[in-house]
Amino acid sequence: MTAARRAARRPAAALAAVALVLGPPQAAPAQPLRDNAYTIDLFQGPILAPLRVTGIAGAYAGYAEGIAGMVANAAAPAVREPFSVKWLEADVAASISIPIELFENNDFDNSGDIDLDYSNFVYLTLGGQLQAGDFGVGVNAELQRYSLSDADGVETTVVTGKYHFLGGVRLLGDALVLGAGARAVTLSLGAEQSDLTIAGISPELGMLLRPDWASYRLGATFRFPVNAGRLLGEDVVVDGQVWRAGGLILPDEVVLPWELEIGLAVQVGPRPLNPAWIDPRAQERELRDAIARRRAAREARRERQLGAIVEPEERARRARIFALERAREREADERELAAGPDVLQRERRARYWNWPREHLLITAELLVTGAVSNGVSLEHFLAQHQPERENDASVVGTSGAHVSFSPRFGIETEPIPGRVHTRFGSYYEPNRYGRLGSGRLGRQHFTFGADIRVLSTTLWGLLPEVAYTLQASMDFAPRYDSVSAGIGVWH
């Protein structure tokens, strides 16, 4: 279980942005908000994710292990991690991020304007998975809560939730993992004298190619758009033909755009990336079969020996000896069968711990986010109270007018084997605002992360021995920084 602290904002040193060729525009020319004919685009640029995912800049779709993998690849619940030694495995993980005030300005949504004050920002993720043989299921929830205050002190509380409900299966041994499920979104707004909520759900699909003992993986996932419809609440009023709440003109719909995530992972060094998973039930079945073959061979040998004895009395004497031997061997076989599962599990665990630690994991991916017609960002929707933005920022078509591309790259290694694990990455946050040809660029992020093994304990004999780590991750970009720290389990 992980507990983290984050400061999801404020300026860093100016960094060079990377320009990308974007797709064709999908929206009509921008128009001020005058009625409900617009859509809130729930696109999120900065990475808010589990610490390991953040540390390698979100380039996780081609690796896709653990509960953290569910945010990047729908096949993750069925991917067996190298330290998985049981047929039935369950795991849970959680983290919480709370802001630390470092600087005085912030552009969380990369709009180019430092206008609304983000405060009380909390990011919480909670997940669990259950694996049984070749199958796995998992649930992961990400919740963000923050308050936005404009220049007049008008405060709005925003709570967004993203949820993954996934199942997967391993095929062709470990070579191919397929997954599918649903992605859901919820949005709750507490504005002036108004509480609004909305929810929606849609499918997602994923796959991971990881041939046994190969040094590479290929992963991809596609998430269909989530159309959550119209914001609803008890305090919604109709002014003419315009739906309003808390002084805000409400959108016709709220959309989480479609996403395509394609990733590659390559590992260099003596540590294997894709070791073949040993099925405990198959291994125990092999043990039972081996004991049965051994018994049959002993009986066949005894039958041959008895058949070669002509004297009846000698044959009877030898048969009594064989009966005593048979009883002793049966007891030994039963002891071996009873101890077999534990012995084999210790062997599988020792197999994992005896692998060399030295490795260099390189990951890369491309995240493609779909366009949203007549889109307005969530922050711009909430900024309708600001007079200076009435005719420029809060306009239809300023968010999601084109498909967005976010290339990502990450590196993992252990500079001190068995003690320190480090991560580095970089990703491009595309410009989601403005129409094609506006000249607006996105911003480049640089991420860092580390795990430091600190102690091993059984918690006074209550649990099996576990090694714990101190964890940290950082994300820096112009007008944005994020720092997280927590506690995790060393593998």
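A: In the hairpin of β22 and β23, two residues sit between the strands, and R479 takes a positive phi near 65°. Helices (H or I, at least four residues) and strands (E, at least two) are DSSP runs, numbered from the N terminus. Please keep in mind that this is a predicted model: local features need pLDDT of at least 70, side-chain atom pairs count only at pLDDT 80 or more, and totals for chains, interfaces and linings use all residues. Residues are numbered from 1 along each chain as its sequence is written, and side-chain values use heavy atoms, with hydrogens and water left out.

Now follow the strands themselves. β22 and strand β23 (residues 480–489) pair in the antiparallel sense over 10 bridges; two strands count as paired if DSSP finds at least two bridges between them. A477 stands opposite Y480 in β23. β22 also has a partner in β21: these two run antiparallel and are joined by 11 bridges. Here A450 stands opposite A472 in β22.

Next, look at the two faces of strand β22 (residues 466–477). Its covered face holds A467, T469, Q471, S473, D475 and A477, while V466, Y468, L470, A472, M474 and F476 make up the uncovered one.

Together with I452, V454, L455 and I487, L470 makes a nonpolar surface patch of about 420 Å². Patches are made of residues with over 30% relative accessible area and no salt bridge, where like charges are joined within 9 Å and nonpolar side chains (Val, Leu, Ile, Met, Phe, Trp, Tyr) within 5 Å. A salt bridge is a side-chain nitrogen of Lys or Arg within 4 Å of a carboxyl oxygen of Asp or Glu. The areas come from the Shrake-Rupley method with a 1.4 Å probe, and for residues only the protein chains shown count as cover.

Strand β21 (residues 443–457) gives the largest share of the patch, three residues. L455 lies in β21, and L455 counts as partly exposed because its relative accessibility is 45%. Buried means under 20% relative accessible area, exposed over 50%, and partly exposed in between (1.4 Å probe, protein chains only).

I411 has a relative accessible area of 24%, so I411 is partly exposed. Leaving aside neighbours within four places in sequence, I411 is in contact (heavy atoms within 4.5 Å) with I56, L360, L361, T422, R423 and F424.
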